[in-house]
Amino acid sequence: MNGTNPKKHYITAKYDFAVDATGAGGFPRTITLATTSTLPDNAIVNEVVMYCPTAVTSAGAATLGINAGGVNVTDLVAKAVLTDEVVVSTEKVKAGGKATSAAPIKVINGTAAFTAGVVEITVGYFIGTKE
């Protein structure tokens with residue numbers, strides 16, 4: 001990490017079914033978001049917050065995860081957790097949460113198609129050193 005007192009940074013993105021819905025395809029599926037930010041290369045992710053102003057729905061058992069900087073930074077979360085006005089926060093992100101490239105936040109649609117929903121995503125990170 002740079003310096004003796006590293007600074008924490010945040011980036012945001014938004015999944016909105018009305019804007020980001022995808023067509024046919026298999027699962028898991030990675031969705032490139034219309035509203036997103038780029039996680040820098042070598043960033044070390046230590047926090048992910050998902051706020052759902054509109055519940056995520058699906059005809060099946062849909063799951064949602066977050067990819068940032070070229071790596072999956074969360075496990076898949078069941079749609080049952082992503083209800084109206086809920087905040088899902090984790091400071092324990094998925095192992096390997098260090099960016100492998102400068103890449104935007106994306107949503108992983110894990111097991112079944114979404115039919116509605118909005119998720120506001122915030123990713124907290126520190127700048128790491130190149131290995």
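1. A residue is called buried here when its relative accessible area is under 20%. In this predicted model, glutamate 47 has a relative accessibility of 13% and therefore counts as buried. Lysine 8, by contrast, is partly exposed, with a relative accessible area of 24%.

2. Glutamate 47 belongs to strand 4, which spans residues 43–58, and its side chain makes a polar contact with the side chain of lysine 8 at 2.5 Å. The two side chains also meet the criterion for a salt bridge, with 2.5 Å from N to O, and the count of salt bridges in the model comes to 1. Because lysine 8 lies in the segment before strand 1 whereas glutamate 47 lies in strand 4, the pair ties together parts that are 39 residues apart in sequence. Side chains of opposite charge can pair in this way when their charged atoms come close.

3. As for the sheet, four strands form an open arrangement in the order 1-11-4-8, with antiparallel pairing. Strand 1 (9–16) and strand 8 (86–90) stand at the edges and each has a single partner strand, so one side of each is left without a neighbour in the sheet. From one strand to the next, the twist averages 15 degrees.

4. The pairing of strand 4 with strand 8 is antiparallel and extends over 5 bridges. Within this pairing, valine 48 has threonine 90, in strand 8, as its bridge partner.

Terms used:
Residues are numbered from 1 along each chain as its sequence is written. This is a predicted model: local features need pLDDT of at least 70, side-chain atom pairs count only at pLDDT 80 or more; totals for chains, interfaces and linings use all residues. Side-chain values use heavy atoms; hydrogens and water are left out. Helices (H or I, at least four residues) and strands (E, at least two) are DSSP runs, numbered from the N terminus. Buried means under 20% relative accessible area, exposed over 50%, partly exposed in between (1.4 Å probe, protein chains only). A polar contact is a pair of N or O atoms within 3.5 Å; within protein, one must be able to donate a hydrogen and the other to accept it, and residues adjacent in sequence count only if both atoms are side-chain atoms. Two strands pair if DSSP finds at least two bridges between them. Axes are lines fitted to C-alpha atoms, for helices over the stretch in contact, and angles run from 0 to 180 degrees between N-to-C directions. A salt bridge is a side-chain nitrogen of Lys or Arg within 4 Å of a carboxyl oxygen of Asp or Glu.
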